[in-house]
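Please look through the sequence and the structure shown below. The report that follows takes up a loop and its strands, some backbone details, and the packing of helices.

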Amino acid sequence: MLASSTGASASPDPAKKGEQLARKLVKRAEADDAKWHLRVFQALADISDGNRAAGSQGHDLSAWYVGTLLRGAGYDVTYQEFEFTYVETLAEKLHVVSPDAREVPVRLMTYTQSTPEGGLEAPVAAVPEDDSTGCEAADFAGGDYTGNIALIQRGACTFAQKQQNAADAGAVGAIVYNNTEGELNGTLGGPDAARIPTGGVSQADGRALAAAAADGKVVVNLEVRELQEERTTSNVLAETRGGDAANTVMLGAHLDGVSEGPGINDNGSGTAGLLEAALELARADRHGKHENKVRFAFWSAEELGLIGSEHYVAELSEAQREEIALYLNFDMIASPNYGLFVYDGDDSDGVGAGPGPAGSAEIEAGINGFMDRAGYAPRGTDFTGRSDYGPFIAVDIPSGGTFTGAEGVKTPEQAELWGGEAGVAYDPCYHAACDDLDNISMAAFDANVNVIAHAVGTYAWDTSPVDAAVAKGAKEAKSKSKSLTSPSPENGAEGEHIHGGAHAGCGEVTE
């Protein structure tokens with residue numbers, strides 16, 4: 001990562017300047033002001049079939065609103081267009097036909113093949129549970145799946161891989177059930193991956209179906225139907241006119257929602273918080289004298305598999321990637337039964353995907369330090385790959401940000417720490433019609449608006465802690481590479497089998 005080339009001349013103490021600007025922005029950026037943007041997003045959804053999904057009128061109007069405000073504030077604004085497959089849910093039904101008739105809540109996997117209208121009726125065939133249920137063809141070898149609907153536990157590989165293996169085994173449909181509490185909502189990653197109609201159910205419902213199938217034949221009717229068509233949408237990119245372009249600070253939030261509702265918490269909240277911080281930066285520093293260029297990104301088609309941010313990163317040249325000092329992501333920052341989560345850049349929690357690229361630990365420490373001083377009691381959350389930091393991590397850009405929880409269930413310990421209700425989802429209206437203006441916590445929103453404002457002010461002037469970590473990581477990687485490729489009995493004279501330390505992205509959006 002390139003450090004600022006103007007640090008010595010532009011300011012004798014960028015860190016101090018950053019602290020001053022951060023304090024000013026935290027004081028000025030108010031959650032009540034940011035809520036006005038949420039009211040606009042709600043109104044735009046109300047006149048646009050109730051949603052702001054990518055490719056819809058509601059999203060196009062939201063993008064126009066954000067871009068117009070930022071251009072008026074003095075930013076250079078770009079609408080980055082790209083094509084994608086628009087999807088819209090037409091039917092989601094799962095009915096147990098026999099032996100005991102009942103309805104089971106089901107959510108279709110985005111990009112699924114559709115069943116016939118009226119559904120697909122077949123027996124359930126459960127795949128035995130293990131650490132990677134349904135991830136290998138051998139998992140299906142012990143049962144008869146031909147003409148049946150495969151019932152598969154979530155985990156260890158993508159939903160697409162699970163349904164592909166089920167299709168290869170002869171299944172005519174697939175139902176994936178959660179491996180933790182709560183409903184399951186996912187994507188197959190793209191229309192080309194779809195083989196058979198696929199839906200998701202909760203852990204409790206999935207295990208109940210599996211237990212019933214173990215006792216005898218269970219017949220279900222599965223109806224999952226989805227409209228799919230090619231459309232065009234846009235990311236909205238806004239950057240300061242001043243600041244060193246060779247050391248660009250990026251902050252992002254996805255602007256699109258799902259077709260089921262207005263998407264006010266997911267992710268009107270992150271968009272509104274970021275927009276308010278950007279407007280306050282323009283007001284506080286009208287002449288753009290801050291050290292680093294600041295770029296705000298409002299992504300489209302995140303809900304369909306991070307398509308907008310993936311497109312943006314893929315279009316960057318190597319030189320343009322190296323100019324990005326860091327990326328901060330804000331997705332769902334006002335969940336009504338909230339947690340105050342910070343992405344675990346150093347993997348100190350020891351959960352899931354591991355640490356982010358070099359510099360991510362310093363980003364986490366900076367956010368935690370601010371939140372601790374403000375009395376917010378943050379806790380770590382894993383880089384699961386489910387939001388727009390994923391493409392940046394995949395190309396070794398230091399990343400971080402905050403999150404207040406989605407369909408996951410709040411624990412008793414978290415309820416004691418932050419309040420709220422244990423045993424209930426952080427956002428009970430996640431990806432639902434009720435994700436409206438009544439579905440936000442102003443306490444969580446206020447905390448995270450402050451986090452965004454503080455980060456904008458700090459990094460607009462000073463990225464040196466992140467830059468130092470990146471430089472150290474690069475030096476260590478170079479040293480390790482030289483050691484590995486030196487002639488030795490173990491490595492061989494050429495070392496051709498040794499691969500450099502490229503960071504493999506999380507890629508777990510579809511798990």
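P99 is placed in the loop between strand 1 and strand 2, where helices (H or I, at least four residues) and strands (E, at least two) are DSSP runs, numbered from the N terminus. The model is a predicted one, in which local features need pLDDT of at least 70 and side-chain atom pairs count only at pLDDT 80 or more, while totals for chains, interfaces and linings use all residues. Residues are numbered from 1 along each chain as its sequence is written, and side-chain values use heavy atoms, with hydrogens and water left out.

The peptide bond that leads from S98 into P99 is cis, with omega near 10°. D100 is found in the loop between strand 1 and strand 2 as well, and at 55% relative accessibility D100 counts as exposed; here buried means under 20% relative accessible area, exposed over 50%, and partly exposed in between, with a 1.4 Å probe and protein chains only. The C-alpha atoms of D100 and V218 are separated by 8.6 Å, although these residues are 118 residues apart along the chain.

Strand 1 and strand 2 (residues 102-103) pair in the antiparallel sense over two bridges, and two strands are said to pair if DSSP finds at least two bridges between them. These two strands form a hairpin with three residues between them, and V96 has R102 in strand 2 as its bridge partner. Strand 1 (residues 76-98) also runs antiparallel to strand 8 (residues 219-239), to which 21 bridges join it; within this pairing, Y86 stands opposite E229 in strand 8.

Most residues other than glycine have a negative phi, and most peptide bonds are trans. Against that background, a cis peptide bond joins D266 and N267, with omega about 0°, and N267 lies in helix 7 (residues 264-284). A156 has a positive phi near 80° and is placed in the loop between strand 5 (149-153) and helix 5 (159-168), where A156 is exposed, with a relative accessible area of 52%. A377 also has a positive phi, of about 55°; this residue is in the loop between helix 10 and strand 13 (379-381), and A377 counts as partly exposed at 25% relative accessibility.

Two packed helices are described by the angle between their axes and the distance between the axes. The axes are lines fitted to C-alpha atoms, for helices over the stretch in contact, and the angles run from 0 to 180 degrees between N-to-C directions.

| Helix pair | Axis angle | Axis distance |
|---|---|---|
| Helix 10 (residues 360-373) and helix 13 (residues 442-461) | roughly 125° | within 10 Å |
| Helix 2 (residues 14-28) and helix 13 | about 155° | 7 Å |

The angle makes helix 2 roughly antiparallel to helix 13, whereas helix 10 and helix 13 are oblique to each other; angles under 35 degrees count as roughly parallel, over 145 as roughly antiparallel, 65 to 115 as roughly perpendicular and the rest as oblique.

Contact means heavy atoms within 4.5 Å. In helix 10, E362, I363, I367, F370, M371 and R373 meet N450, V451, H454 and Y459 in helix 13. The residues of helix 2 that meet helix 13 include P14, L21 and L25, and their partners include A453, V456 and W461.
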